[in-house]
Amino acid sequence: MSVSVLIVDDEFLTRNMLSIMLSQVGHDVSEAEDGLEALEMLKGDRPDVILMDLMMPRCDGLTATKTIRKDVTMNHLPIIFLSAKTDAPTIQAGLDAGANRFLTKPVSYKDLIQNIQDVLIQ
């Protein structure tokens, strides 16, 4: 099953690694460098899943996720946060903002694929 995934991360290498991982299983991937670019992209096509970095310039993952959750046309989109910062308050802030899942960077291939499948069947 092909899934469309929007990767939102300010680090090119992270976006590239995630894109390669997801493309290998046949997923369609699009990329945004920050939350503002992602929000602009969401005005058009809607992905099946969003992979959202937490810390980004211009518009961070918390702000972008809160904006998505307030919009009734896209508040249903599954969002998986990805962050190297994994203390309990950070994880809770991500979940409170509306993330469905929170994964630690660097994310393993197995965890990434499993979590995408899980949020799609919720």
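Analyst: Helix α1 lies across β1, β2, β3 and β4 and runs at about 170° to β2. Here contact means heavy atoms within 4.5 Å; axes are lines fitted to C-alpha atoms, for helices over the stretch in contact, with angles from 0 to 180 degrees between N-to-C directions. Helices (H or I, at least four residues) and strands (E, at least two) are DSSP runs, numbered from the N terminus. The model is a predicted one, in which local features need pLDDT of at least 70 and side-chain atom pairs count only at pLDDT 80 or more, while totals for chains, interfaces and linings use all residues. Residues are numbered from 1 along each chain as its sequence is written, and side-chain values use heavy atoms, with hydrogens and water left out.

The five strands make up an open sheet in the order β2-β1-β3-β4-β5, with parallel pairing. β2 (28-32) and β5 are the edge strands, each pairing on one side only. From one strand to the next the twist averages 20°. Two strands are taken as paired if DSSP finds at least two bridges between them; β4 (residues 79-83) and β5, which run parallel, are joined by four. Ser83 has Thr104 of β5 as its bridge partner.

Val8 belongs to strand β1 and is buried, with a relative accessible area of 1%. Buried means under 20% relative accessible area, exposed over 50%, and partly exposed in between, for a 1.4 Å probe and protein chains only. Leaving aside residues up to four places away in sequence, the contacts of Val8 include Ala32, Ile50, Met52 and Asp53.

In general, side chains of opposite charge can pair when their charged atoms come close. A salt bridge is a side-chain nitrogen of Lys or Arg within 4 Å of a carboxyl oxygen of Asp or Glu, and by this rule there are six. Asp9 forms one with Lys105, the closest N and O atoms being 2.7 Å apart. This pair links distant parts of the chain, since Asp9 is in the loop between β1 (4-8) and α1 (12-23) and Lys105 is in the loop between β5 (101-104) and α5 (109-120), 96 residues apart. Asp9 counts as buried because its relative accessibility is 1%.

Lys105 also forms a salt bridge with Asp53, with the closest N and O atoms 3.0 Å apart. Asp53 lies in strand β3 (residues 49-53) and Lys105 in the loop between β5 and α5, so this pair ties together parts 52 residues apart in sequence. Both Lys105 and Asp53 are buried.

The peptide bond between Lys105 and Pro106 is cis, with omega about -5°; Pro106 lies in the loop between β5 and α5. By way of context, most peptide bonds are trans.

A further salt bridge joins Asp118 and Arg101, whose closest N and O atoms are 3.4 Å apart. Asp118 is in helix α5 and Arg101 in strand β5, 17 residues apart. Asp118 counts as partly exposed because its relative accessibility is 21%, and Arg101 is partly exposed with a relative accessible area of 22%.
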